[in-house]
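Biologist: Before we discuss any labels, please put the model up. I would like each term set against its cut-off.

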Amino acid sequence: MPEKIIIVTGFGPFAGHEERNASWEAVKLLPDVFHFRKDAYQLRKYQVPVIYKDVDRILPQIWNQKPDLVVHVGVNGTINTINLEHFSYTFGYSKPDFAQHYLPSDKITLSGKHANDKECAMLKTNLNVERLVKELNLETNVECCCSTNVGNYLCGYIYVKSLDVNQDRTLFVHVPKVNEPYTSEQTMTTIYNVIGKCLEQLASEQKLS
């Protein structure tokens, strides 16, 4: 029987977050096993450098494992909620990464399922973000929100690249800075709950093996 795998990524340091990145501070606290119904999923965590070429290197390693779910987590220093992102754009990536490297073009060339769609401007997760947020807010004291602002930096870059592989099994979550207002433990617990809600959706749609 194939392994049941969930992969969660957080980012490393970058400008304004040199000492710690709230996304990785929370992700690294997640357990190594996630129990869902009668199954035990391996929960594999990756810290991704805020560098375009490292995203390009790590994503194939992630998807080659055939995970049931991939959740990317990033920090947004301007929010005080946990934001679940609907979609990501394929254009507007004109900023240098943390290594001061630029992409060859601000328009991303898709190479996965949408490789032949030259006019594709955005990719959207097939997970029901509104339902996820509604259920999370009923069950937790941490405020979650739907968002359409993943941005055009590494967060948007990793999201659109993963959505190009599998829109059914990909989600991006933005978290605030540590203790503004949530501790890393609170943020980790919310990410844990997000994973469970995603698995419930996938199971209800017969998308889990």
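Modeller: The largest nonpolar core has 67 residues, and Val8, Leu84, Leu171 and Ile195 touch the most other members. This is a predicted model, in which local features need pLDDT of at least 70 and side-chain atom pairs count only at pLDDT 80 or more, while totals for chains, interfaces and linings use all residues. Residues are numbered from 1 along each chain as its sequence is written, and side-chain values use heavy atoms, with hydrogens and water left out.

Biologist: What makes a set of residues a nonpolar core?

Modeller: The members are buried Ala, Val, Leu, Ile, Met, Phe, Trp, Tyr and Cys residues joined through side-chain atoms within 4.5 Å. Buried means under 20% relative accessible area, exposed over 50%, and partly exposed in between, with a 1.4 Å probe and protein chains only. Helix 5 (residues 184–204) gives the most to this core, with eight residues. Helices (H or I, at least four residues) and strands (E, at least two) are DSSP runs numbered from the N terminus.

Biologist: Which residues does Ile195 touch?

Modeller: Leaving out residues up to four places away in sequence, Ile195 touches Ile6, Val8, Phe34, Leu43, Leu69 and Val71. Contact here means heavy atoms within 4.5 Å.

Biologist: Why is Arg37 called exposed?

Modeller: Its relative accessibility is 63%, so Arg37 is past the 50% limit and counts as exposed. Arg37 lies in the loop between strand 2 and strand 3, and has a positive phi of about 55° although it is not a glycine.

Biologist: Why is Asn179 called partly exposed?

Modeller: Asn179 has 48% relative accessibility, which lies between the 20% and 50% limits, so the label is partly exposed. Asn179 is in the loop between strand 9 and helix 5, and its phi is near 65°, a positive value in a residue other than glycine. Pro181 lies in that loop between strand 9 (170–175) and helix 5, and a cis peptide bond with omega of about 10° joins Glu180 and Pro181.

Biologist: What makes an open space a pocket?

Modeller: On a 1 Å grid over the protein atoms alone, where a 1.4 Å probe fits, a pocket is an open set with protein on both sides within 12 Å along at least five of seven lines; lining residues have an atom within 4 Å of a point. The largest pocket has a volume of about 260 Å³, that is, the space filled by probe spheres set on grid points joined across faces, edges and corners.

Biologist: Which residues lie nearest the centre of the largest pocket?

Modeller: Val75, Val150, Tyr153, Cys155 and His174 do, out of 17 lining residues. Helix 4 gives the most to the lining, with three residues.
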